[in-house]
Each structure stands twice: as C-alpha cells, then as structure tokens.
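Trainee: Could you show me how to read a model like this one, feature by feature?

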Amino acid sequence: MAENEPVLTAHDISITYEVNPPVHAVKNVSLTLNRGEILGLAGESGCGKTTLAYGINQLLKPPALRTGGEITFHDKDGTDINVASLSGDSLRAFRWDKISMVFQGAMNSLNPVISIKAQLFDVFTTHRPEMSKREKLERSEELLKLVGVDPRRLDSFAHELSGGMRQRVMIAMALALNPQVMIMDEPTTALDVVVQRGILREVMRLREQFNFAVVFITHDLPLLLEISDRIAVMLKGEIVELDTSKNIYEKPQHEYTKKLLGSFPSLTGARGGFVRSGVDETATAQGDQS
Ligand SMILES: Nc1ncnc2c1ncn2[C@@H]1O[C@H](COP(=O)(O)OP(=O)(O)OP(=O)(O)O)[C@@H](O)[C@H]1O
Ligand SMILES: [Mg+2]
C-alpha cells in the first residue's frame, strides 16, 4: 500500500441544514484520506457523521447546504477532481465509479420489486454501457462470490435474503465499478456480532486485494480500533481528534476521546494493552462488542 498518498482531501467543510433554527451539522472539517487506508469516523449519534459523508460524496440535498470548503479527489491517473463542482452527468459519472457508498440502513434500501441481478445490471447499464449482457452476468456473479454470497442468489429478491446477505449485496454493488474510495456508513450495526465480523473480515480482505480506501463510520469505537489505520473523532460537527488507532487508544488527547474510550468497558478491562488484533483473531471474542 502506498503510504500517505492522498486519494481524497477535504478542506474546511461546513454544512448547514437550513431549517428554523438552522442546524450547523458540520463545522470546518478538514481531513485527508490516503490511498488504501481505512479511516474510522467515530462519534455519538447526531454529531454529523452521515452529513459529512454525504458532503464528501456530493450527495447533499436541501435543506442541507455546504456553506464552505473544498473537496478534491486525486484520481489514480493523476488528475485532481473538484468534487464540489460536479453536477448532472459529470456527477453521475463520478459517483460509484470513483467513490461508492454503503448507506446507513443500506440493507433495507435494496429495491424490493426487482431482482438482485437487475439491480447490479442497472449499475453497469448506467456506468459501463459498453458491457455485453454476458459480461454483466459474469461480473455480477464474480461480485457476489467476492462478498461471500452464492451467485445462484442473483435471481433472488431482497426479501428472500437475510439481513447479512442483503448487506453483502450492497457491498457488492459498492464494489461493482472498482472504486478508489468506499464510504461505509454504519454498514454492520444492525447485524448480530458474528455476521458483522464475517462481513468485516470480507471487507478487510477485499481492501487488501483491490487497495481501495475506506471511510468507516460507526459509533463503535472498539471496532474502529481494530480495523482502522487512523481514526477521526467527531463531536458536535467538528473533528476534535484525528490520529492513528494506536495513538487514539494509547494517548488520547481530547477529553471527549477519553470519555468515548472509557465508555466501552471492554477497552479498559482485562484485555489490557492495545492490540491491533485484526478481525480474524477476535472473531470469537463476542463479549468484546457488548
Ligand atoms: N434533514 C435534516 N434537517 C434538519 N436537521 C437534520 C437533517 N438531517 C440531519 N439533521 C441534523 O444534523 C445533525 C447531524 O446528523 P447526522 O445524521 O449527520 O448525524 P450522525 O452522526 O450520522 O448520527 P447517527 O450516528 O445517529 O447516524 C443532527 O443534529 C441532525 O439532527
Ligand atoms: Mg448517521
């Protein structure tokens, strides 16, 4: 993995919901995402994580308004893309192709009336019109295999799949065009711990294989400590601390980070010192998650 080569830079982002009274959901946030890294974004409910993710991906809709800041995507071919200037066709071409997103509650956002196959085909029809039907089918089968779902499930409808399978399908869709960045907003929160671990292991493996960067959003700090290279801690719309997982765990600077760490007994209990254990070894340590 090329270290410290940025793939995305956000500078001084502010986002307001223009309601009465206005909600300043994101305040002067700057961050750099490096190629191939997992950046965790932690913070309590309502602190602005999803709003920031939407802002980075140019997905904001009224009443949300980005009131300031720049977002630059550093494409692997060397061009810089000013994300905030994209709209219409250029935005459609950018999204999913360069940055994809697994939405919060995504497992309930599959279209209930068309098959998994039709939904994957839609992505290709929009973004890769040159693909033949046969190529679409092969790629769809390959994608399901990558996320650990039997390709025979392609003809299934969302309601025929378990929550974990649906979430895997959403990840397959996010992977479909080989993006350089994947934003995952609470991708596994609704799933039980064993399923969650399985999916995370898959994501980590895919990241190794394809070297995309991940912004991983969750309020589950212990989980982030395990999987992230760096962690940004967000409080009331601001990033109050951003450091390596090791430093966040061993020498948190901000009072809020300390409070967050302290609120997870598993982090302060018998396990002791920081272990960048990886998802594999802790697959059985279910107690750690509660
Ligand atoms: N459509 C909206 N109109 C007004 N305010 C909104 C809207 N959507 C979100 N907000 C407010 O913006 C703030 C940030 O919300 P956001 O959804 O980004 O938080 P979050 O960190 O993702 O929370 P969670 O962990 O619960 O998903 C909150 O105060 C929320 O109430
Ligand atoms: Mg959210």
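This is a predicted model: local features need pLDDT of at least 70, side-chain atom pairs count only at pLDDT 80 or more; totals for chains, interfaces and linings use all residues.

Mentor: We can begin with the domains.

Trainee: Which domains does the assignment give for the protein chain?

Mentor: Domain 1 takes in 6–98 + 180–289, and domain 2 takes in 108–178. Their centres, taken over C-alpha atoms, are separated by 25 Å.

Trainee: How many residues of domain 1 are in contact with domain 2?

Mentor: On the domain 1 side there are 13 residues, in contact with 14 residues of domain 2. Helix α6 (residues 193–210) supplies the largest share of the domain 1 side, six residues. By residue class, that side has ten nonpolar, one polar and two charged residues.

Trainee: What should I look for in a nonpolar core?

Mentor: The general idea is that in soluble globular proteins, nonpolar side chains tend to be buried together. Here the largest nonpolar core has 71 residues, and those touching the most other members are Ala 172, Val 181, Ile 183, Val 215 and Phe 216. Helix α5 (residues 163–175) gives the most to this core, with eight residues. Because domain 1 and domain 2 both give residues to the core, it lies between them.

Trainee: Which residues is Ile 183 in contact with, leaving aside its neighbours within four places in sequence?

Mentor: The contacts of Ile 183 are Ala 53, Ile 56, Asn 57, Ile 99, Met 101 and Val 215.

Trainee: Is α5 buried or exposed?

Mentor: Burial is judged by counting C-beta atoms within 10 Å of a residue's own, and 20 or more others make it buried. Twelve of the 13 residues of α5 are buried, so the helix is largely enclosed by the rest of the structure. Among them are Arg 166, Gln 167 and Arg 168, as well as Val 169 and Ile 171. The buried residues of α5 pack against β6 (99–102), α3 (116–127), α4 (133–146), β7 (181–185) and α6.

Trainee: What span should the 13 residues of α5 have?

Mentor: At 1.5 Å a residue, α5 should span 18 Å, and this agrees with its end C-alpha atoms, which are 18 Å apart.

Trainee: Where is His 159 found, and is His 159 buried or exposed?

Mentor: His 159 is in the loop between α4 and α5. Only 12 or fewer neighbours make a residue exposed, and His 159 is exposed because it has 9 other C-beta atoms within 10 Å.

Trainee: Which prolines follow a cis peptide bond?

Mentor: One cis bond joins Asn 20 and Pro 21, with omega about -5°, and Pro 21 lies in the loop between β1 (6–17) and β2 (23–34). Another joins Pro 62 and Pro 63, with omega about 10°. Pro 63 is in the loop between α1 (49–56) and β4 (64–74).

Trainee: What is phi of Trp 96, and what is phi of Glu 186?

Mentor: For Trp 96 phi is near 80°, a positive value in a residue other than glycine. Trp 96 lies in the loop between α2 (88–94) and β6. For Glu 186 phi is near 45°, again positive in a residue other than glycine. Glu 186 lies in the loop between β7 and α6.

Trainee: What does the UniProt annotation cover?

Mentor: The unreviewed UniProt entry annotates residues 8–261 as "domain: ABC transporter". Over residues 8–261 the chain is 36% helix and 27% strand.

Key. Residues are numbered from 1 along each chain as its sequence is written. Chains are lettered from A and ligands numbered from 1 in the order in which they are written. A nonpolar core is a set of buried Ala, Val, Leu, Ile, Met, Phe, Trp, Tyr and Cys residues joined through C-beta atoms within 7 Å. Helices (H or I, at least four residues) and strands (E, at least two) are DSSP runs, numbered from the N terminus. Domain bounds come from an automatic or database domain assignment. Two residues are in contact if their C-beta atoms, placed from the backbone, lie within 7 Å. Ala, Val, Leu, Ile, Met, Phe, Trp, Tyr, Cys and Pro count as nonpolar, Asp, Glu, Lys and Arg as charged, and the others, Gly among them, as polar. The expected span of a helix is 1.5 Å times one less than its number of residues. UniProt positions are given in the numbering used here, feature names are shortened, and annotations may be inferred rather than shown by experiment.
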